[in-house]
Amino acid sequence: MRYNHAMTTGERKMTAPDRRLSVAPMMDWTDRHCRHFHHHVAPDALLFTEMVTADAVIHGDRDRLLGQPPEDIDAAVPVALQLGGSDPARLAEATRIANDYGYAEVNLNVGCPSDRVQSGRFGACLMAEPALVAECVSAMAGATSLPVTVKCRIGIDDMDEESGLDSFIDAIHGAGIMTVYLHARKAWLQGLSPKENRDIPPLNYDRAARLAAARPDMQVILNGGLDNAGAALEQLPSFAGVMIGRAAYRTPMILADLAAPVFGREVPARLQIAGAMADYADRHTAEGVPLHAITRHMLGLYHGQRGARLWRRHLGEEARNRRDGGALIREVAAACEEMAARLAA
Ligand SMILES: Cc1cc2nc3c(=O)[nH]c(=O)nc-3n(C[C@H](O)[C@H](O)[C@H](O)COP(=O)(O)O)c2cc1C
């Protein structure tokens, strides 16, 4: 597998990415193939990587962890790298290494509640340690000319959602952070699984909006529970942007429906997106990527359309057995379109 990482931050334009619409970091989901797909759905959206720990970047296979598809580098697809960690020196080192991989931004995860993450003392538990987070982000900023940002919750456990969040934001703002992606619910660190922590603690958009209004010098991006375009557009005027997670994965056309009013983009046809992904699969399966690794992210493309079941079933079941590049994607997309046309006639 070859992933071009020729473009350094020095070569890349240093303008801040447009953050009005972003796709959230999601472990096991927002890998490079998923991001390429989302880029075809909404070319202006800022796309997040899965979280990568600073230690993995320092000690692991860097090209595998950080490399982006050459076509995405060439097209300057805006991608934010999310790092996890709580050691300022190691986060700085990981950020320095990431400079060579063409990212638009480096983000620190202060929102993820999983046990694995807590035992490494990073993720959401760091909301209780604003001074340490401030140290981490200033060390990261010292290692790159890219924007450094934070993703966090509105609090953890019994932390006060008003004063606790304000103190946390004061600390990171004091360390130079100008952008925060805010998952607008607390993380409860005891007793809830990571999945429950994405649903059970109540959403509080009003608190997020108050923060955004009180910090006009910062960009506050709203995240959490925005599962249709209307809901996201309703919130957008109060924030610098909206970040979509699960809905972007399960119903990806939500991104196109948002990109239309936000960026003035035409909603691309599903067939066109499928065609672009088939071309991508031709190139990457030739280099050894299993077709399934690409198509698994695309199963929601026809969600809500006639042909949705056909698409999910055939793409889901047959991708593991095919060895002819992206042909399956072209075939199933054509069959879905034909079915829709037949039923509409
Ligand atoms: C499968 C999955 C993996 C996730 N992994 C991460 C992660 O690596 N880093 C992070 O900050 N948040 C992670 N999250 C949380 C999302 O980024 C987002 O904050 C959360 O899903 C709420 O947004 P939503 O309601 O739009 O999905 C993950 C969420 C899911 C569903």
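At what angle do helix H1 (residues 32–41) and helix H13 (residues 270–285) pack, and how far apart are their axes? The angle is about 145° and the axes lie 9 Å apart. Here helices (H or I, at least four residues) and strands (E, at least two) are DSSP runs numbered from the N terminus; axes are lines fitted to C-alpha atoms, for helices over the stretch in contact, and angles run from 0 to 180 degrees between N-to-C directions. The model is predicted: local features need pLDDT of at least 70, side-chain atom pairs count only at pLDDT 80 or more, and totals for chains, interfaces and linings use all residues. Residues are numbered from 1 along each chain as its sequence is written.

The crossing of H1 and H13 is right-handed, that is, the near helix is turned clockwise from the far one by less than a right angle. His-36, Phe-37, His-40 and Val-41 of H1 form the contact with Ile-273, Ala-276, Met-277 and Tyr-280 of H13, where contact requires C-beta atoms, placed from the backbone, within 7 Å. This contact comprises 6 nonpolar, 2 polar and no charged residues. Ala, Val, Leu, Ile, Met, Phe, Trp, Tyr, Cys and Pro count as nonpolar, Asp, Glu, Lys and Arg as charged, and the others, Gly among them, as polar.

Helix H7 (residues 130–141) and helix H8 (residues 163–174) pack at about 25°, with axes 8 Å apart. H7 is therefore roughly parallel to H8, a term for angles under 35 degrees. Their crossing is right-handed. Pro-130, Ala-131, Val-133, Ala-134 and Val-137 in H7 meet Ser-167, Phe-168, Ala-171, Ile-172 and Gly-174 in H8; these residues divide into 8 nonpolar, 2 polar and no charged.

The strands form a closed barrel of 8, in the order S1-S2-S3-S4-S5-S6-S7-S8, with parallel pairing; strands pair if DSSP finds at least two bridges between them. The twist from one strand to the next averages 30°. Between strand S7 (residues 219–223) and strand S8 (residues 241–244) there are 3 bridges. Helix H9 (residues 205–214) packs on the sheet, touching strand S6 (179–183) and S7, and its direction makes about 170° with that of S7. Helix H12 (residues 253–263) touches strand S1 (21–23) and S8, at about 160° to the direction of S1.

Around the ligand are 23 residues, of which Ala-24, Met-26, Met-51, Gly-245 and Arg-246 come nearest; a residue is near if its C-beta atom, placed from the backbone, lies within 6 Å. Strand S2 (46–53) and helix H11 (246–250) each supply at least two residues of this shell. By class, the shell has 10 nonpolar, 8 polar and 5 charged residues.

Definitions and conventions:
Two residues are in contact if their C-beta atoms, placed from the backbone, lie within 7 Å. Angles under 35 degrees count as roughly parallel, over 145 as roughly antiparallel, 65 to 115 as roughly perpendicular and the rest as oblique.
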